[in-house]
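Here are some notes to go with your first look through this one. Have the viewer open and follow along point by point.

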Amino acid sequence: MVAHFSEELFVGRGLRPGGDHLPQITEKAMVGGVAMLVAQRLERGTHAELPALAPEAIQFVLTPYLGSEEAKTVAARHG
Amino acid sequence: MPFPATRLRRLRRTEALRGLVRETELSASSLIQPLFVVAGEGVREEVESMPGVERFSISELVAEATEIGALGIGALLLFGIPSEKDETGSGAYDDEGVVQMAVRALKEAHPELTVITDVCLCGYTSHGHCGFVRDGDIDNDLTLELLAKAAISHAEAGADAVAPSDMMDGRVGTIRHQLDEEGHSRVPIVAYSAKFASAFYGPFRDAAESAPQFGDRRSYQLDPANAEEAVREAQLDLQEGADMLMVKPALPYLDVVRRVKEETGAPVAAYQVSGEYSMLKAAAANDWIDERAAALESLLSIRRAGADAIVTYYAKEAAAWLR
């Protein structure tokens, strides 16, 4: 699952000048962070909280490619 | 039995008698030398606010480590200063980052030297905070993953121990879990468990170029007024898998060093921070104190309070004085 979503994110490198210089592990770190948020809710049995995580998760995974301001705007639009 | 039968001065009469009853020892092996590593070649630049402290490029760092090893100093603690910073501190978990490359070079040149790496994001983020910032606050749980990735990259480079200094909740457990998953179960965690939001860090931020660009760090570092909370932090870190606990700063928090030692029984390190160091240097430069005597007394007092190891910018000088 992490590998799949990491590949999806990888194309984001093209959106940032010098994006190809990001550490190799960037996508795994982003996906891993979101996976942790989701896992915490599943372990606690608070599945109902998951949709509310979307803005936070979207902003997090997009920040390396778009910067925080634009990532936040996109997250607000789609979260 | 009271005076005059009891006279404690009897055992203070000669150096030999004093040596027999000395309760605390200070040795080079209990000292840890912090070092700053920068990108580039042939760089060796002094930190203005910390006389005697320099930033090194990797080749210069290896040369410095040769001297440190020869002095019998217990370990070095490495801080990286990347050439570029960004909002997620990606340089912190880059396999080709400045710390990771420095660790590889150090371990190749000096496999016997103990290399501890500072694990944090503040030196790598454009905003200077220790984690992922969202709506002006640090997102604790998302930051954990980035810290774990940084720790893994240090372990894979060959670090002998990792030292998370961020003060995020749950970071020791996350790092321990991920280190174990990646085959690094033998790499210990030296947790900055009781890191206070201190005014004594000023010169370090100059050295590491890590001052926060907005706000401060009081929402994650400890309130200087709280010792109970410091002990709780230490106990939580132990439960999460910390191998050694650290109190930072040292001299203004000797009571905390003592309490953490007594209440956990775990190995404890204390960090004599940049402000403590620079104050001694400034007083010595003005001939207000005997630098050697004052520095060694400070370090001894930290040991006496209960610290097993001391992170100090005086490590090299003190080790030479102690010979």
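1. One term before we start: helices (H or I, at least four residues) and strands (E, at least two) are DSSP runs, numbered from the N terminus. Also keep in mind that what you are looking at is a predicted model.

2. Chain A is a quick read. Of the 79 residues in chain A, 29% are buried. Among its contacts with a separation of 6 or more, 44% are between residues 24 or more positions apart.

3. Which strands does S1(B) pair with? With strand S4 (residues 75-81) of chain B there are seven bridges in the parallel sense, and Pro34(B) stands opposite Leu77(B) there. Strand S12 (residues 309-312) of chain B also runs parallel to S1(B), joined by two bridges; look for Ile32(B) opposite Val311(B). Strand S3 (residues 54-56) of chain B is another parallel partner, again over two bridges, with Phe56(B) as the bridge partner of Val37(B).

4. The largest nonpolar core has 113 residues, and Val37(B), Leu78(B), Val257(B), Ala269(B), Ala270(B) and Ile310(B) touch the most other members. Helix H4 (residues 140-157) of chain B supplies the largest share of this core, 10 residues. Leaving out residues up to four places away in sequence, Val37(B) touches several residues, including Phe56(B), Ile58(B), Leu61(B), Leu78(B) and Val98(B). As background, nonpolar side chains tend to be buried together in soluble globular proteins.

5. Most residues other than glycine have a negative phi, and most peptide bonds are trans. Where are the cis bonds listed here? One runs from Phe3(B) to Pro4(B), with omega near 15 degrees, and Pro4(B) sits in the segment before helix H1 (15-20) of chain B. Another joins Lys248(B) and Pro249(B), with omega about -5 degrees. Pro249(B) belongs to the loop between strand S10 (244-248) and helix H8 (254-264) of chain B.

6. Asp135(B) is not a glycine, yet has a positive phi of about 55 degrees. You will find Asp135(B) in the loop between strand S6 (133-134) and strand S7 (137-138) of chain B. Is Asp135(B) buried or exposed? Asp135(B) is exposed, with 10 other C-beta atoms within 10 Å.

7. Asp287(B), also not a glycine, has a positive phi of about 60 degrees. Look for Asp287(B) in the loop between helix H9 (274-285) and helix H10 (291-305) of chain B. Asp287(B) is exposed too, with 8 other C-beta atoms within 10 Å.

Note on methods: Residues are numbered from 1 along each chain as its sequence is written. Chains are lettered from A and ligands numbered from 1 in the order in which they are written. This is a predicted model: local features need pLDDT of at least 70, side-chain atom pairs count only at pLDDT 80 or more; totals for chains, interfaces and linings use all residues. A nonpolar core is a set of buried Ala, Val, Leu, Ile, Met, Phe, Trp, Tyr and Cys residues joined through C-beta atoms within 7 Å. A residue is buried if 20 or more other C-beta atoms lie within 10 Å of its own, exposed if 12 or fewer, and partly exposed in between; C-beta atoms are placed from the backbone. Two residues are in contact if their C-beta atoms, placed from the backbone, lie within 7 Å. Two strands pair if DSSP finds at least two bridges between them.
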